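These are my notebook entries on one protein structure. I set down what I looked up, entry by entry.

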Amino acid sequence: MNTKRIMSGIIGVLAGLLVAMIVFTDFNQTETVSSADNKTNAEKVYVAPGEQDDYYMMASGGHSGQLFVYGLPSMRLIRQVPVFSPDPATGYGFDKKSKEMLNGYKWGDFHHPAISETEGEYDGRALFASDVGNNRAAYVDLETFHTTDILEIPNISGPHCAAFVTPNSEYFFLPTRFSVPLGDEYVGLDDFSEEYKGVMSAVKPDFENNSLEIAYQVMLPPWSYDLSDAGKGQSNGWGFLSTYNTEEATTTLEINASQNDRDYIVMFNWEQISKEVEEGNYEEVNGVKMFDPLEHPGSVYLVPAPKSPHGVDVTPDGDHFIASGKLSPTTTMFSVEKALEAIENEDFQGEAQGLPILTYESVVDKEVEVGLGPLHTQFDDKGNAYTTLFIDSQVVKWDLESGKVIDKEEVSYSPGHLTAVEGDTAAPGGDWLVSLNKIAKDHYLSVGPSHPESMDLIDISGETIEVVGSAPSQPEPHYAQIINADKINTTEVYDKDEDRENAVWDQADTRIERDGDEVHVYGIAMRSRFIFDADSDRPDTVTVKEGDTVHFHITNTDRDEDITHGMGINGYNENFEIQPGETKTLTIEADKSGSYPIYCTNFCSALHQEMTGYLLVEPK
Ligand code: K7E
Ligand code: CUA
């Protein structure tokens, strides 16, 4: 099977070369035959060495707590960006700033990335992440691909239903998966329905300081909030959340949370809630402004949706929202216009936990028979939707207008999310889609009982859709977003900022200062040496006493692209990297005496191996 695949791959490439030779040697032919239609699959995904991909794919790393950055269409893994978990290779969680940001957390569970938007389109400034494992949100600066802020959020548990960003990045919202008691009190599960709450957090990004703050929270019923999307166009100002366990089961959810034929899509008017909070309509809980829609009605409504819906996705024009019932063979398309009308006319079929339920028949546009186990939907620029079918192991293309299925493609296997080029924005692309599969099984060379996840690259530029490439991925790409490469503008070297705290730019300024048992080393890393104190006979040696606290403030003074230095301290379990023009601080407790070599861990020059020094710790 594998050999067959490889053979057919080789044959494909050879056939491609043959076609190319024929095209380029046919002197009589004036028309070129290089349109996408005539390209072999190998040619479509081939990005020659030295050439760059057209797109970045930003994929969440699930319970690795990292962000994985791929190039598309090549599917090459370009970078792992640590977000919620420590990373020894870069020293994320080791140096002072990142250690403080991680605040002792050992892991995170990063499900849904959200690239910042302007007028409903990705703007490439930042990427927001949410941590289902430890209730955090992160700001990843896309100029440096560094995590620059992590926010711990109280009153919530597992912001799975996040993150979705409003069309002009006013907020991103983090509704929570697990309901918990408000505040820090203990409440037994017998009082679940009354005392547990599903809280949604509105977080405000600060693009000047690359940071985040909690604006307010909204108290919702004790259900599980699963996925979400922001309105745009005529639904701008609204947010949509899917729910399950509206049964309010507190045990064996597999059975007990699948009783109701319909759960809900929660529609909430964030513009209105933001205004109300500004006017003082909130109570403070754990230092956060908490808005209660039961006290201030008119901003939160429920739309019945079959059955335990997972994804909810707003169409690019903002006119419809689509709910995918993971236990239903259909995906349901609702009309925003009809929903707003029903709200206006108070066309309610009842209420749940005090919130009005819009009449299903008044709001539904159509139920589309896509296949078994629909989970998530994305869009192209031609009015088509693409939905993953977990149970059928397929991606289905369907027409938004008619609801007709156009094509289905097998993927390997059991897709969760899918992501198309800017496919959740107001202006989707239309050439590529990646199916993020949960199970790889026999898809790649075996590495034992556990296999990687798999990603299948699908060409969606034609009428029918076709898998043309595949790559393994590490745990676990719940969701990814694909952004045009020309929207990302990276910094190549950090500015030489003379005022930066602890920075040393001139060798003459390097020094070691002692204050009691605190030792501060103001040093330089450059090709190919460490300079901790230029005046010393051994400028690359730091001598301290057992029991000292040593702060290494190291500036990488190299101004060349991609000259990163690392600083590992042999035997002290410490390592961190300093990127070109960057200053970082590493603090260690010198609690064991001895001679500990320091060496550069990032290969930087022909004399990288010589880039060493010593930490000498004199015994007490
Ligand atoms: Cu894997 Cu969005 Cu957490 Cu769906 S989620 S599959
Ligand atoms: Cu500096 Cu290797």
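I began with a term: helices (H or I, at least four residues) and strands (E, at least two) are DSSP runs, numbered from the N terminus. I noted that this is a predicted model, in which local features need pLDDT of at least 70, side-chain atom pairs count only at pLDDT 80 or more, and totals for chains, interfaces and linings use all residues. Residues are numbered from 1 along each chain as its sequence is written, chains are lettered from A and ligands numbered from 1 in the order in which they are written, and side-chain values use heavy atoms, with hydrogens and water left out.

Entry 1: backbone exceptions.
I recalled that most residues other than glycine have a negative phi, and most peptide bonds are trans. I looked up Asn-155, which is not a glycine and yet has a positive phi of about 70°. I found Asn-155 in the loop between β7 (146-152) and β8 (164-165). For cover I used these classes: buried means under 20% relative accessible area, exposed over 50%, and partly exposed in between (1.4 Å probe, protein chains only). Asn-155 is buried, because its relative accessible area is 7%.
I then turned to Asn-502, which also has a positive phi of about 70° without being a glycine. Asn-502 sits in the loop between β33 and β34 (511-515), and it counts as partly exposed because its relative accessibility is 25%.
I also recorded cis peptide bonds. One joins Ser-412 and Tyr-413, with omega about -15°; Tyr-413 lies in the loop between β28 (405-410) and β29. Another joins Pro-475 and Glu-476, with omega about -20°; Glu-476 belongs to the loop between β32 and β33 (480-484).

Entry 2: an open sheet.
In what order do the 4 strands of the open sheet lie? I read the order as β29-β30-β31-β32, with antiparallel pairing. The edge strands, β29 (415-420) and β32 (466-473), each pair on one side only. From one strand to the next, the twist averages 20°. Two strands count as paired if DSSP finds at least two bridges between them. β29 and β30 (residues 432-437) pair over 4 bridges in the antiparallel sense, and Leu-418 stands opposite Ser-435 in β30.

Entry 3: a covered strand.
How many of the 7 residues of strand β18 (residues 300-306) are buried? I found that 7 of its 7 residues are. Val-300, Leu-302, Pro-304 and Pro-306 point one way from β18, while Tyr-301, Val-303 and Ala-305 point the other way. β18 pairs with β15 (residues 262-269) in the antiparallel sense over 7 bridges. Within β18, Pro-306 is the bridge partner of Arg-262.

Entry 4: single residues.
I looked up Tyr-360, which is found in helix α8 (residues 360-363). Tyr-360 is buried, because its relative accessible area is 3%. Between Tyr-360 and Leu-127 I noted 233 residues in sequence and 35 Å in space, C-alpha to C-alpha.
Is Ile-391 buried or exposed? Ile-391 counts as exposed, because its relative accessibility is 53%. Ile-391 lies in the loop between β26 (384-389) and β27 (394-399).

Entry 5: cysteines.
A disulfide is a pair of cysteine sulfur atoms within 2.5 Å, and the structure holds 0 disulfides. Cys-600 is buried, with a relative accessible area of 1%; Cys-604 is buried too, at 9%.

Notes
Axes are lines fitted to C-alpha atoms, for helices over the stretch in contact, and angles run from 0 to 180 degrees between N-to-C directions.
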